[in-house]
Amino acid sequence: MDNDNNNDEDFTQCNVPGMEGAALSDASLTNSYFSSSFIGVNGFGSPAESKYSMMQRMTTSSSSPSLLNDGAKNYSHSTHDPVNSPTSSLFSDFGALSISQRRKTPNPAASEFIPKGVPRMATMAQSSVQAFPSPLFPHPGISSSTATALAPGMSLSAGSSPLHSPKITPHTSPAPRRRSHTPNPANYMVPTTAADQGAHIIQKETVGGTTYFYTDNTPAPMAGMVFPTYHIYPPTAPHVAYMQPKANAPSFFMADELRQELINRHLITMAQIDHSENSDVPGEVDSYHSLFPLEPLPPPNRMQKTSNFSYITSCYKAVNSKDDLPYCLRRIHGFRLVNTKCMMLVDMWKKIQHSNSVTLREVFTTKAFGDHSLVFSYDFHAGAETMFSRHFNDPAADSYFTKRKWGQHEPPPPRQHAGLLPESLIWAYIVQLSSALRTIHTAGLACRVMDPSKILITGKTRLRVNCVGVFDVLTFDNSQTNHLALMPQYQQADLVSLGKVVLALACNSLAGIQRENLQKAMELVSINYSSDLKNLILYLLTEQSRLRSVNDIMPMIGARFYTQLDASQMRNDVIEEDLAKEVQNGRLFRLLAKLGTINERPEFQKDPTWSETGDRYLLKLFRDHLFHQVTEAGTPWIDLSHIVSCLNKLDAGVPEKISLVSRDEKSVLVVTYSDLKRCFDSTFQELQAAASGSL
């Protein structure tokens, strides 16, 4: 069949061995189905790239949330029946394998794919097409008499009119855009009969003024399968419902806790200051505005410098006017940048993207603070706290460690009684910090800020190394010809700093890393933790004759990598489950917003009775049906599930009938949700036309 661009597509159907009968034996299911579906689909053993054919109803809805084009997927039997319609996308995945668009001729060097345990078919041996160019499960409900018939009403050109076309003519048929890679189990249950061979329905679609013809190979479901006609909420997945936090592992499994954490992040992101009471904070710095201090500002007459950078520093949250995104600004007070050659190192840092490192975006100088200041711009992670404030801000822990005089005859108490951290938490930190160091060192740079005060913690155990690149700019030596010559030395210092951080975590005290307390600290580690953790600390803190690498500690971590991977994937399951609970909320809210613009409108087009007549009256009664029902005793009947269910039925336009009673109870109107949807859409379009000046 030729289209306007003379693109040819031939679809030849074939039977899959073992699938002729209505019932499948275990042997044929194993040998034929799994071999042909998974091996053929993924390209192993198949000379052509196979894809899944998918039919989707094209709509004019926008990808961005708005009140104009937002609707639920219509599952109504009266329009698009998910059980009987051959165009439904519910049963299209894995339903058909078409010829690849990349290669129109067979590959003579590739051997023909034959399912395991099945004799070679003569028809396939004589065919010049690729393996499995036709649907694995042909449509059982279409006879050969309809092979060349154009399905009535199946043109998808309505959603692809020139008004919504992509402005250019595509090079290939639009069929690949309707293919999905999501398996649908409903397709696997469609039996194949001999009478269904050669059944085709020719579909057409217009894109950019070009009409394409293609074959509808969508299989029909097996009889007896019933799907909901509107959106409903399934229960929690069992692997999440019965998920239990492991011993000594951080808990990730409280939805209320996750919600509160997100709210706190939003609150911090949107926080602002009163400039009348904070006149020392400028309103704008370079391209950043809305500065908000993230830590107490140093007093104006402060002369002492920080122990980390040897300069007075301050930190702000600010919004970049170029992209309107929040960033973290680290200001170095009183620093005059005399040479811009250091920007070579800044450009190297800007290229590093890692999940355990705060990305450096730009460095600039400014006089907005009244002096020469150097400002580092980083990604902003709302709600983050430093490792120092999370674990080392308790004076009692330091005093307990320093005052305790244990020895060989008086060992320290077990860690559950000494307030020490769980070993699993320490290993989680080690995995993340070593991963960040590995990426930084591989790029030819050094972290140089492996310090508890410069390591951020978000959530339960997520670490990010902050303030990277600051030392490279502050200590830049313009007299050196090779500015990366000292990086190996700095990388060795990173490993020592990592060992100190791990030792401090094991002791739950910064006093443990002091030279006079090292022996007691190692005794504490050897008694309360595993030998692997002790050996890792000794390796990092001990001077070696050769240059060490962060990769050397990977064998010491060992299988604990799998523990962290398992915890990460479990957390992903929980977050996805929480997302599934909220995924429809935006659509329902926009539906209520549309309904609110219609109901009780005082006047429209100089008609004060507009909202009380015609289709608007039905929507008013439906609003009462949603929110104003009462019990037999006359008390308000409030049921959230009733509201959500009715809104979903309205959005889908199901054929179910409901009774709408007037407020005086003198009239009862029996309507369907599809009628209400028609009234709802036409009324809102009328309002939208008036708002845009079309009326």
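## Confidence in the model

What is the mean pLDDT of the chain, and what percentage of its residues reach 70 or more? In this predicted model, the mean pLDDT of the chain is 73, and 61% of the residues reach 70 or more. Over residues 1-183 the pLDDT is below 50, although the model gives this stretch 337 contacts beyond near neighbours in sequence. The pLDDT also stays under 50 over residues 185-198, where the model has 48 contacts beyond four places in sequence.

## The chain as a whole

The chain has 695 residues, of which 43% count as buried, and its secondary structure comes to 20 helices and 13 strands.

In soluble globular proteins, nonpolar side chains tend to be buried together. Here the largest nonpolar core holds 73 residues, and the members that touch the most others are Phe376, Tyr378, Met387, Ile426, Met450 and Leu536. Apart from this core lies another one, of 27 residues, which includes Leu621, Leu660, Tyr673 and Phe684.

Leu536 shows what such a position looks like in detail: leaving aside residues up to four places away in sequence, Leu536 touches Trp427, Ile430, Val502, Ile553, Met556 and Ile557.

## A buried proline in a loop

Pro452 is found in the loop that runs between helix H10 (423-442) and strand S10 (455-458). Is Pro452 buried or exposed? Because its relative accessible area is 8%, which is under the 20% cut-off, Pro452 counts as buried.

When residues up to four places away in sequence are not counted, Pro452 touches Thr386, Met387, Phe388, Phe392, Val501 and Leu510.

## A nonpolar patch on the surface

Nonpolar residues are also found on the surface, where Val661, Val668 and Val670 form a patch with about 250 Å² of accessible area together. Val670 lies in strand S13, which covers residues 668-672. Since the relative accessibility of Val670 is 54%, and exposed means over 50%, Val670 counts as exposed.

Key: Residues numbered from 1 in each chain as written. Predicted model: local features only at pLDDT ≥ 70, side-chain atom pairs only at ≥ 80, totals over all residues. Heavy atoms only, no water. pLDDT = per-residue confidence, 0-100. Contact = heavy atoms within 4.5 Å. Core = buried A, V, L, I, M, F, W, Y, C linked by side-chain atoms within 4.5 Å. Buried < 20%, exposed > 50% of the residue type's maximum accessible area, 1.4 Å probe, protein only. Patch = residues over 30% accessible without salt bridge, like charges linked within 9 Å, V, L, I, M, F, W, Y side chains within 5 Å. Areas by Shrake-Rupley, 256 points an atom, 1.4 Å probe, with all protein chains shown as cover. Salt bridge = Lys/Arg side-chain N within 4 Å of Asp/Glu carboxyl O. Helix = DSSP H or I, 4+ residues; strand = E, 2+ residues; numbered from the N terminus.
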